[in-house]
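Work through the following exercises with the sequence and the structure side by side, and try each task before reading its solution.

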Amino acid sequence: CNLKKLLTIWFYKAKYNIKRECVRWSWKEIHEIIEICEEYGLSENYGKCNYLLGDIYLKRKDGATANFYFEKALFYFIKNDDKKRIFQCYMNIANIYFDEEFYQVSLTNYYFAKDILEEINIDDPRYIQRTIQQNI
């Protein structure tokens, strides 16, 4: 589907802009992508966009809103059985709860992340180490 390819390119452009600290522009782009994803039922990109919005709000130190978007992303990653992204969502959610001193909820999400990590068949142990370090 050409629309899916176009949205993927647009998504990576928004992701690049976030890394360049052009957050305001990326936020607008991501919401436009989300509208199209909703209209055409493209749940994979919808999950990725919500994850990026979570990243944006995490950078803004707005844990509650970041958590909202990570939870939305998690739903779509579970729906698409995207275990690596499920793991990343659980780690981010756990870190947010930890920062807010909700330790029991944080620990529960760390356990969910651990369970998913055990399901992921990764040949490169450095991937696991990098992923964990990025989320700490």
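Contact here means heavy atoms within 4.5 Å, and helices are DSSP runs of H or I of at least four residues, numbered from the N terminus. The model is predicted, so that local features need pLDDT of at least 70 and side-chain atom pairs count only at pLDDT 80 or more, whereas totals for chains, interfaces and linings use all residues. Residues are numbered from 1 along each chain as its sequence is written, and side-chain values use heavy atoms, with hydrogens and water left out.

**Exercise 1.** Determine which residues of α3 and α5 meet, and how the two helices are oriented.

*Solution.* Begin with the contact, in which K48, Y51 and L58 of α3 meet R85, Q88, C89, N92 and I96 of α5. Next take the geometry: the axes, which are lines fitted to C-alpha atoms over the stretch in contact, lie 12 Å apart at an angle of about 25°. The helices are therefore roughly parallel, a term for angles under 35 degrees.

**Exercise 2.** Locate K61 and decide whether this residue is buried or exposed.

*Solution.* K61 lies in the loop between α3 (43–59) and α4 (63–79), and has a positive phi of about 65° although it is not a glycine. With a relative accessible area of 76%, K61 is exposed, which means over 50% with a 1.4 Å probe and protein chains only.

Methods:
Buried means under 20% relative accessible area, exposed over 50%, partly exposed in between (1.4 Å probe, protein chains only). Axes are lines fitted to C-alpha atoms, for helices over the stretch in contact, and angles run from 0 to 180 degrees between N-to-C directions. Angles under 35 degrees count as roughly parallel, over 145 as roughly antiparallel, 65 to 115 as roughly perpendicular and the rest as oblique.
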